[in-house]
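Have the viewer open beside the text as you read.

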Amino acid sequence: MSSFHKTSDSPYSIKGTKLKNNLPYVSSGIPSLDHIIGGGLPSGAVFVVEEDILGSYTRVLTKYFLAEGVICKHAIFIASADEDPHEIINELPQPCTEPIKEVAPPDANVEMKIAWRYSGLGQVESSFGSNTNFGHNFDLSKCMDKDTVHNSDITCIQLNDYENDNVTKGGFKNYMFFKLIKDIKDIVSKDDFQTSSKNKNILRISIQSLGSPIWMAADCDKQQVDSDYGQDLIKFFYCLRIILRDTLAVAFITIPSHLFDDDNLMPRVLFSVDNAVRIESFAGSSRETNPVYSDYHGLFHVTKLSAIYSLVPFVPPSLDLAFKLRRKKFVIEKLHLPPELQESSEREQDDITAVPKAVTCGGFRKKDIEF
């Protein structure tokens, strides 16, 4: 078992990383997310986030990922066709200087009405990564200092500025996929992002809303794009995974999967990536006004966890996850539904209404008969 190594810190490791199985791991900027995916994002891996319907919470995750890279002085490559990447960089949150204090709920010490049912159960820790020193916390209400952002190694690519080259598409039907994969290959091939380099550094690649309707409108031949759109997306992830493997680059990609017409497209995409999660927001749904989910803003689904340099993948402590967004924290917790306090009265009422009022010949009602 000498080939397996526990998580450890090495004096030769890159700033803002930790070693696990001899592989550098970086933080996503959210300690609870790092915890449920196995300690962080491994270098050379592709991490995919399936966007919520409005895309607001996915943008928050992207900002955390980029802000963590700026604080750790990592190189950043950001590409987007829906928004201007410079605006995303200018809106990065400011890191918190003081540790965040956990505030207990006001009814934490109130005795439950049906405590006899739960008296034998131990206390369950709902929050993840609250005691870790890996990663930082950020304040979304304040933007990062402009001088700090200006002095960082950031490359912004506006995908709409690509020129349509009908001759060279590298096997892709949509020229935007080919241009983007070519730019990523050029920057990853630099000596700083190779594992054998002396001056090592991490490259954080962020692609926002990959495969959105704007990508489909990039080609003049709309019918041809519709027929080969899924093939281009799968081919892109396959090429990206080959390019990033055994390098010091990490890809953080968001996908609007709810807009895809083909139900078989996302399972094929997940086959070509390393880690993937999906955000299900309560905004605009019936769960938004449901008091059962009043403490959360949405559900958090883990759709794939890889096993890089390991025999088995990491298994999170729970798969029933929910998230809530605070001013200084994005928290992923175990989903705890409140107890049904009116269960006994409701059941009794249901039994009475379910039994007909007619009395049997013996003078007993059906609900009084015990079998």
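## Terms and model

Two strands pair if DSSP finds at least two bridges between them. Strands themselves are DSSP runs (E, at least two residues), numbered from the N terminus.

This is a predicted model, in which local features need pLDDT of at least 70, side-chain atom pairs count only at pLDDT 80 or more, and totals for chains, interfaces and linings use all residues.

## Strand 11 and its partners

Let us begin with strand 11, residues 275-281. Strand 11 pairs with strand 12 (residues 298-304) in the antiparallel sense, over six bridges, and Arg-278 stands opposite His-301 of strand 12. Strand 4 (residues 46-50) also pairs with strand 11, here in the parallel sense over four bridges; Val-48 has Ala-276 as its bridge partner in strand 11.

Five of the seven residues in strand 11 are buried, so the strand is mostly covered (buried means under 20% relative accessible area, exposed over 50%, partly exposed in between, with a 1.4 Å probe and protein chains only).

Elsewhere, three strands form an open sheet in the order 1-2-3, with antiparallel pairing. Its edge strands, strand 1 (17-20) and strand 3 (41-42), each pair on one side only. Strand 1 and strand 2 (residues 23-26) share four bridges, and Lys-18 stands opposite Tyr-25 in strand 2.

## Cysteines

How many disulfides does the structure hold? There are zero, a disulfide being a pair of cysteine sulfur atoms within 2.5 Å. Cys-72 counts as buried at 5% relative accessibility, whereas Cys-143 is partly exposed at 47%.

Notes. Residues numbered from 1 in each chain as written. Heavy atoms only, no water.
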